[in-house]
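Please look over the model below.

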Amino acid sequence: MAQAAAVAKPPAPPRRRRASATPRRLPYLLIAPAALLMLGFIAYPVLSVFYYSLRHYNPTKPWRNGFAGLDNFVHAFTDDPLFWDTLVFSAKWVVVEVGLQLLFGLALALIVNQTFAGRALGRALVFSPWAVSGVLTSAIWVLLYNSQTGITRYLADVGIGSYGTSWLSDTATVFPAAVVADLWRGVPFFAILILADLQSVSKDLYEAAEVDGAGRLQQFWHITLPHLKDAIVLSTLLRAVWEFNNVDLLYTLTGGGPAGATTTLPLYIANTSVDAHNFGYASALTTVAFVILLFCSIVHLRLSKFGGEDK
């Protein structure tokens with residue numbers, strides 16, 4: 001009986017071989033070299049800035065170098081009026097530029113999203129300024145604002161203004177002139193992102209809204225704008241960071257002048273480090289700018305509920 005039971009016993013199932021961990025790790029191994037390079041090129045400079053922000057570091061005055069603690073930060077907030085002036089101007093610059101670029105970019109995106117003859121050429125002309133570098137943009141507008149050969153001379157020819165007027169050297173006109181120059185390059189950025197999102201809106205929604213008697217304004221407010229919410233939030237955040245860090249256009253166009261009227265905080269940091277060689281204090285200002293941008297970005301995303309569904 002025991003022998004028969006032993007014979008009738010089914011064979012044990014074959015053992016499954018343990019799956020190799022290499023295929024699961026392969027994607028991480030493939031991106032590891034790029035990740036290490038990015039870590040080196042990003043993490044090291046950031047940590048270096050934090051390190052030097054706590055030190056007095058000026059290569060031209062090595063006898064004063066040493067540990068500073070929070071002295072650089074205290075000096076910025078209590079003894080440096082230029083810090084507050086440049087910070088206020090940076091906020092003004094960001095709010096005006098991002099607001100106007102969003103407004104004009106949205107209008108252009110809605111226009112080139114329509115069907116009309118020559119739409120492809122129109123889109124190319126609208127988007128082309130975004131391909132121009134900041135320094136080249138500045139050079140173009142420096143020529144346009146030239147008092148001898150630029151816009152002001154032709155306006156003076158028709159009786160508007162006087163000859164020899166320079167909008168970039170007058171504190172009353174330099175800000176609007178710089179804003180217009182940056183608008184020319186910044187508006188296409190919003191137009192590109194918003195147009196890409198507009199093309200994903202289902203036409204059935206608009207047809208249903210027309211059947212229900214909704215007008216163009218109602219369709220825009222209740223269909224188009226809610227659909228564009230995430231694109232607008234992301235584009236305004238990215239552009240705000242870029243405009244806050246804008247150095248090339250203002251440096252080439254005005255150099256921060258006249259009388260410091262167009263000096264942003266990043267431009268002040270650049271002058272402090274490159275011209276004055278005060279790298280310790282410039283690092284402290286950079287750290288403050290980093291914290292400000294981080295805080296504002298978090299608040300912006302939280303208040304806008306980026307990525308969430310509207311109730």
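The notes below start with provenance, then go from helix packing to loops.

This is a predicted model, in which local features need pLDDT of at least 70, side-chain atom pairs count only at pLDDT 80 or more, and totals for chains, interfaces and linings use all residues. Residues are numbered from 1 along each chain as its sequence is written, and side-chain values use heavy atoms, without hydrogens and water.

Helices here are DSSP runs (H or I, at least four residues), numbered from the N terminus. Buried means under 20% relative accessible area, exposed over 50%, and partly exposed in between (1.4 Å probe, protein chains only).

Helix H5 spans residues 119-127, and its buried residues are Gly122, Arg123 and Val126. They lie on the same side of H5, because their arc around the axis is only 100°; the arc is taken from the directions from the helix axis to the C-beta atoms. Ala120, Leu121 and Leu125 are exposed on the other side. The buried residues of H5 pack against H4 (81-112) and H8 (174-198), with contact meaning heavy atoms within 4.5 Å.

A nonpolar core is a set of buried Ala, Val, Leu, Ile, Met, Phe, Trp, Tyr and Cys residues joined through side-chain atoms within 4.5 Å. The largest has 29 residues; Phe83 and Ile194 are among those touching the most other members. Another core, of 16 residues, lies apart from it and includes Leu249.

| Residue | Phi | Relative accessibility |
|---|---|---|
| Alanine 259 | about 55° | 83%, exposed |
| Histidine 277 | about 60° | 32%, partly exposed |

Alanine 259 sits in the loop between H12 and H13. The peptide bond from glycine 257 to proline 258 is cis, with omega near -5°.

Terms used
Helix = DSSP H or I, 4+ residues; strand = E, 2+ residues; numbered from the N terminus.
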